[in-house]
Amino acid sequence: AEWIVGTQNGQGAHSVELAKRHLVQPWPEAGEIGSEARALIEGGEGIYITDGEGKRLIDGPAGMWCVNVGHRREELARVMYDQAMQLSYNTPWYTMNAPSAVLAERIAGHAPGDLSHVFYTTGGSTAVESALRFMQFYNNVRGRPEKKLILSRGGAYHGSTYLSASLNGRPRDRDWMNGADDLVVKLSSPNAFRRPAGMTVEAFADGLVAEFEETVQRLGADRIGAFVGEPVQASGGVVLPPGNYLQRIRGICRDNDILFIADEVVTAFGRLGHVFASGEVFGLDPDMITFAKGVTSGYFPLGGMIVSDRLLAELRRSNHPTAMYAHGLTYTSHPVGCAVALANLDLLENGVLEHTRAMAPYFQAQLKTLEELPLVGEVRGIGLMACVECVADRESRNPLQLDKNVGERIDAHCHELGLLVRPLINMCVMSPPLVITKEQIDDMVGILREGISRTMDDLRKEGVWRG
Ligand code: PLP
């Protein structure tokens, strides 16, 4: 089709013009909404993408942390074609298809504890939304309609539907947007880099646990339905849980009949070298896990929640056998999505997970060398996800003015040099396709080093920084 090719036939430049006239792109500012010219991406192969000028770039964020097995995998494209030719769609309201059931069994096999059943959605926001509506239903059926509050944290990102977005806790997420504030209680961000000066990480973790306990005391366990947390906060800046604080919170949730929902939209399907990180990396057994993104490596919009057998058995035994979980999406259990997810899981199980675990230490060590640069306050990460956090001043970890656009400046230099960066205010997040090799990691880190160096030169020239 003519619109698949860009530069070769002039469609590329034309499409940017059309976008400026007709496209509302995600997360725009009011002053530019409906008129933005974002960088056109025309193609992808392996860890690379090609922009509208034909320039090849390393896909630093793997799309949106999702293209886990890399671009242009013929195995995945073929499965989508074959499944669409076999059965492109069936209603999940009163029929079912084979790929969704086979995939559910395989997902349950990888999930920790007694997580046994999968409900499919169209992505991460709808996965979180489904898990929260399940919690509400579960507590209504159990005769506990007052047990509905949801605990979330600063730095969290859980989605862009109304209830999932109400959980978000990053700067700017909620400045101009409404949310279900009567249902959500925010706890502190677990970001140890921003802990008070002089405090140990252990004391910081103890403080987070104490805050959690106090919150349960203050609000009453009988009013709290769920805690939702990313095992590693992703777009909050790759924030690792300090010490064993997440395990301790899991324990408090269990003791107080509060559902522990691990949002693994980013951490699942290989990012940390395992299908799920909750159990294998963090020793957690959540009541529910939400997933999306890497489940299809971004080839098809699919997400879901995995729910424990215990919760479902309780519902089946309840006094309200006809109570309806009135929740389902037209594209729940989509056959094409589930088929490509199965092929993607084959790739993960047959080498990609192992490769990720082998590459992760090298990836982290190479990125860590960027801490030599005076603009870099910290490089932190796990598996194949990392964040380079820039600061105006290392001693005070000053997150002032300079931080506002430093990520974008670095991104602009890196784009010139052949790397797409995901800029987040003062941070650059790196989460490349998992198939990245050592040589490609060297290239990526080399470009990032040069991009940061050029940014430092600019800032010095402009007289806004003296590092
Ligand atoms: N949860 C987490 C942890 C995410 O990072 C995201 C998206 O980045 C979401 C949920 C929302 O997923 P989606 O954008 O697929 O709706």
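The C-alpha centres of domain 1 and domain 2 lie 26 Å apart in this predicted model, the domain bounds having been taken from an automatic or database domain assignment. Domain 1 is made of two stretches of the protein chain, 2–72 and 351–461, while domain 2 covers 75–346. Residues are numbered from 1 along each chain as its sequence is written.

Where the domains touch, 29 residues of domain 1 are in contact with 20 residues of domain 2, contact meaning that the C-beta atoms of two residues, placed from the backbone, lie within 7 Å. On the side of domain 1, two or more residues each come from helices H2 (62–65) and H11 (335–368) and from strands S11 (376–382), S12 (385–390) and S15 (427–430); here helices (H or I, at least four residues) and strands (E, at least two) are DSSP runs numbered from the N terminus. H11 provides the largest share of this side, five residues. By type, this side of domain 1 has 18 nonpolar, six polar and five charged residues, where Ala, Val, Leu, Ile, Met, Phe, Trp, Tyr, Cys and Pro count as nonpolar, Asp, Glu, Lys and Arg as charged, and the others, Gly among them, as polar.

As for confidence, the protein chain averages a pLDDT (the predictor's confidence in each residue, from 0 to 100) of 95, and 96% of the residues score at least 70.

How values were computed. This is a predicted model: local features need pLDDT of at least 70, side-chain atom pairs count only at pLDDT 80 or more; totals for chains, interfaces and linings use all residues.
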